[in-house]
Number of protein chains: 2
Amino acid sequence: MKENPNLPPQENQLVFLPLGGSNEIGMNLNAYGFGPANARKWIVVDCGVTFASEEHISGVDIILPDPAFLESVKDDILGIVLTHAHEDHIGAIGHLWPRLGAPLYATAFTAELIKDKLKEHALDAKVQLNIVPLKAAFELGPFAIEYITITHSIAEPNGLKITTPLGVVFHTGDWKIDPNPLIGEVTDVAAITRMGEAGVLAMVCDSTNVFVKGESGSEAGVREELIKQVAGIRGKIAIACFASNVARVSSAVEAATLAGRKVCLLGRSMVRVAGAARKIGLFEGVDFVEPEKASRYSDDEMLYLCTGSQGEPRAALARIASGSHPHLSLGLRDTVLFSSREIPGNEREIYDLINRLIMRGAKVITSHDAPIHVSGHPCRDELVQMYGWVRPKIAIPTHGERRHLIEHAKLAQELQIEHGIVPRNGDMVLIAPNGPAIIDEVPNGRLYVDGNAILSQDAETISERHRIAENGFIIVSLSIDVKGKIVAGPDVRSRGIAEKNGKALDKSLETLADLAQEAVMNLKAKQRLDEEYCEDKIMRSVRKAAFNMFKKKPMVEVFVMTV
Amino acid sequence: MKENPNLPPQENQLVFLPLGGSNEIGMNLNAYGFGPANARKWIVVDCGVTFASEEHISGVDIILPDPAFLESVKDDILGIVLTHAHEDHIGAIGHLWPRLGAPLYATAFTAELIKDKLKEHALDAKVQLNIVPLKAAFELGPFAIEYITITHSIAEPNGLKITTPLGVVFHTGDWKIDPNPLIGEVTDVAAITRMGEAGVLAMVCDSTNVFVKGESGSEAGVREELIKQVAGIRGKIAIACFASNVARVSSAVEAATLAGRKVCLLGRSMVRVAGAARKIGLFEGVDFVEPEKASRYSDDEMLYLCTGSQGEPRAALARIASGSHPHLSLGLRDTVLFSSREIPGNEREIYDLINRLIMRGAKVITSHDAPIHVSGHPCRDELVQMYGWVRPKIAIPTHGERRHLIEHAKLAQELQIEHGIVPRNGDMVLIAPNGPAIIDEVPNGRLYVDGNAILSQDAETISERHRIAENGFIIVSLSIDVKGKIVAGPDVRSRGIAEKNGKALDKSLETLADLAQEAVMNLKAKQRLDEEYCEDKIMRSVRKAAFNMFKKKPMVEVFVMTV
């Protein structure tokens, strides 16, 4: 799609551009543009990652949204505004900031966790990180930003009221309606209602739980249940939850204290988030036991808070399950509580983890067994409530897969919201009072963090690795003298190739060496000295034979060296 | 564990040996042994596969249970008895029969599908396939086998009453209690109750749905709902379900017929199973439309039954979703019904598929939206009912992950079943009136079907491939003359290695070539002529440098050729 030719380019426009989060839950990267089409000013909202474990891309742990378009307007980016500290909202800052280069805005807790990332990428001296108070209001060029307090599964979650000369957009961020979030304030319904009454042009809103009926429930309910559960358990207790859910961590601490247990944090992100929480005044008076000192207490005196609820192979809980954790082993008398949900795509890993814990003899309690988890995202009834408060002219679902976004748009329509539009990542949405329109599509996609490189999602590197992973590798090497005579080799080796039933692989490789030699013999002396030509002939011959031998298509690499 | 020394080896024993299905749902391979410990006779019950897609093992599609132990007692196997035709019960026959070599026993529908497998593996002339009637009774040495009609999600499902001189074992197979299964008879409660009253020593029982409360529901309910749904839909309709669920396929046909639609089968297994069903007299009078002729009918006149409900990439539905199916394209006016469930581990693939269908504009209805699917396995209340009928002395949960088996054993205990035992694959369970015991552990594990080879699960092939898939491959080749002088190369190439941010890969490979050369120069002339030694030195040097360059650990292969 191209710019709408009916709109004069000199007229001011307000546009919304999702670059992540509008084909998936997470990996949020949004931009708002204001100005004439040829001279827009931009703000970026959130800059997050997604995790490759869910997609099984070989060798890749972290996936970033492709910021190519924003890079191309780098000089017109006025600021990067962060709603909260979840990885899918701030995780890409360290990787992508050099391409965006604008000042950051975040509240204190979020800023603490961003600082770690900047340090990790040696950016702390370069980046202007503005720490703003809760309910902050500030201006970035034509955009007046106001932080609106909402509730979510982390400390200091915020929506953003973005006021422009053409109207107000409410960017909800990740939210739920928790009447008792335990940490932080409740949803600022007064501010939201006031904004709604004054008129909201568009709401860009979380779609995660649109298929879930009812309400998400309160952290207070989880605290009550955790207290009950922990009080009734003898032996060691391990609770797995997301470290960033400070309310949840605090509930576990409360449950432990009431049961006369000390708390020990296991896992790097537990320690890191607890540190950030302390800096904003949380966990005052709480003494966590160092992992190496936990063994001084009896089993009934300890409660361990662990990372790894999603079955992540290197997290604390996975190491406990495999018996390789240096500070905690669990057995017959012990209990693991999963105060978490199964993120779709992780089920296999989570069930494997549970099976391993059960094989060690531990009892496992999940949110299927007891109400020890609530989601941080709005279920259907909460969405209905939010639309009632805000009454936007335009509904723009975000933070969801296609099926979530479409269902969310349907719901908004049922709620008599005048306009709805469901952009994909890269769609530039014109936000106009007479209705939204997609007026352009900009480059978009995913980037893979691979070692110290960042690859585009269609990089040959990835497809090569997948081909080898499925089919194995055969390498042929030989030396030819200036007369075209083979003077060493062909030497044929393989990796990732299976022995045929009973038949030794060595024998198959010898056959391939014979074929390689034959392929050379079939060439004229002059052709043999053309290394590339000769390599290609050998490669074709070996590839064909390998397929017949193994019924697989290994990658074949041939070295012909003229000496 | 070793043989129990308290039991004289000459005494007859009855043992149960699961080799698959007792650490996972599916991949069933069970054996029963009778006789003195040193001269047991065996029967094998079921011989199934599991699918590697759930485990993401590179290049492997099918996983088999390791039959090494049964191979070692091959001459004493009296028969392989199949309960029903699901792949996780018969899928390994073609691969493993040569190692087991005993006659097969199956009912007509199951036998039809086994015949295909035998043909595929060119075994049809070698294998004795005995087709037995429903409710058949026959003897295999000390084992008297009786087929007991149960209900499940396939035609001709059976449990097995196995009578031995030491007592009766009821091997349930996969079952549920469907009061109206549509195809085939209802559960033979009379036979089961009679068996229970006469005394059952042990029940080896399906654990799949032990965590699901209530009952699984009936195929008749699904038919009713499918009729209702199909009647209300305009445009093309595609229904995804398992081909082997003949009742479900027949319900879809019924729904189509009532709505004035013709039915077309898309996907190889749809066609294969329908063929087998016709051979036992089902689908009489039903005319399926050939895929290439379906376009002669209007959208409102067609209903397509498709394979691929689990998001399998090569199945019909995936091809429809990607717009590459030769005979069916779906768009804005069309509807896809998923008459299926999400098998744990497949969620990501299924949701991706649904998103792609929605992106094409199609409406998607799943079992979350309407009751268009029921499970084929017993939920908790059905398990309770079965234990009430059979009242075995010993409960032996099978067909489940560890967490299912443990939960099932707890349930049996709650139901006052005297003994329970939860074996792992490979555990030999003594079934004795005074209680069961694990008396031995035999080799067990998984085999991977890789092209035309069968690999053990710890084969180096697989770990090599995974290493390359995650880290890429670097190959160094050089020629050295008899004086130890490098006369060609080092030539360094890579596969699956990413370019560093901005820096060209070629340049990095040149650096590695320089390092390889340096590594050779550091050797004495004599050392250079020891190819293996020289290769090792170069490999170490390149590996270290590559890690520093890429922060990855590529596999490095070095060829030194002396010319």
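This briefing covers the fold, the chain contact and selected local features of the structure above. The model is predicted. Chain A has 563 residues, and 55% of them count as buried. Chain A holds 16 helices and 27 strands. Chain A meets chain B through 60 residues on each side.

**Overall build of chain A**

- The C-alpha trace of chain A spans about 90 × 75 × 45 Å along its principal axes.
- Chain A is divided into three parts: domain 1 (13-214 + 375-450), domain 2 (219-365) and domain 3 (460-562).
- Domain 1 of chain A is written as two segments, 13-214 and 375-450, and domain 2 covers 219-365.
- Between the C-alpha centres of domain 1 and domain 3 of chain A the distance is 52 Å.
- Domain 1 and domain 3 of chain A each give 4 residues to their contact.
- On the domain 1 side of that contact in chain A, 2 residues are nonpolar, 2 are polar and none is charged.
- Among contacts in chain A with a separation of 6 or more, 70% join residues 24 or more positions apart.

**Contact between chains A and B**

- The contact takes 60 residues from chain A and 60 residues from chain B.
- Seven elements of chain A each supply at least two residues to its side: α10 (347-359), α12 (402-414), β24 (453-456), α13 (460-471), β25 (473-480), β26 (486-495) and β27 (555-562).
- α13(A) gives the largest share, 8 residues.
- The chain A side divides into 24 nonpolar, 18 polar and 18 charged residues.

**Nonpolar core**

- The largest nonpolar core has 342 residues.
- Residues from both chains are among those with the most contacts inside this core: A:Val44, A:Leu305, A:Ile431, B:Tyr32, B:Val44, B:Leu305 and B:Ile431.
- Beyond its neighbours within four places in sequence, A:Ile431 touches A:Leu14, A:Val15, A:Phe16, A:Val169, A:Leu201, A:Ala202, A:Ile394 and A:Pro436.

**An open sheet in chain A**

- Seven strands of chain A form an open sheet with mixed pairing, in the order β9-β10-β11-β12-β13-β19-β20.
- β9 (137-140) and β20 (419-420) of chain A are the edge strands; each has a single partner, so one side of each lacks a neighbour in the sheet.
- Strands β10 (residues 143-149) and β11 (residues 158-164) of chain A run antiparallel and are joined by 6 bridges.
- Within this pair, A:Glu146 faces A:Lys161 of β11(A) across the strands.

**A hairpin in chain B**

- Strands β25 (residues 473-480) and β26 (residues 486-495) of chain B run antiparallel, joined by 7 bridges.
- B:Ser477 stands opposite B:Asp491 in β26(B).
- β25(B) and β26(B) form a hairpin, with 5 residues between them.
- In the turn, B:Gly484 has a positive phi of about 90°.

**Helix α4 of chain B**

- α4(B) covers residues 108-120, which makes 13 residues.
- From first C-alpha to last, α4(B) reaches 19 Å, close to the expected 18 Å.
- Buried residues in α4(B) are B:Phe109, B:Thr110, B:Ala111, B:Glu112, B:Leu113 and B:Ile114.
- After α4(B) comes B:Ala122, with a positive phi near 55°.

Methods. Residues numbered from 1 in each chain as written. Chains lettered and ligands numbered in written order. Predicted model: local features only at pLDDT ≥ 70, side-chain atom pairs only at ≥ 80, totals over all residues. Domains from an automatic or database assignment. Contact = placed C-beta atoms within 7 Å. Nonpolar A, V, L, I, M, F, W, Y, C, P; charged D, E, K, R; others polar. Helix = DSSP H or I, 4+ residues; strand = E, 2+ residues; numbered from the N terminus. Buried ≥ 20, exposed ≤ 12 C-beta atoms within 10 Å, placed from the backbone. Pairing = 2+ DSSP bridges. Expected span 1.5 Å × (residues − 1). Core = buried A, V, L, I, M, F, W, Y, C linked by C-beta atoms within 7 Å.
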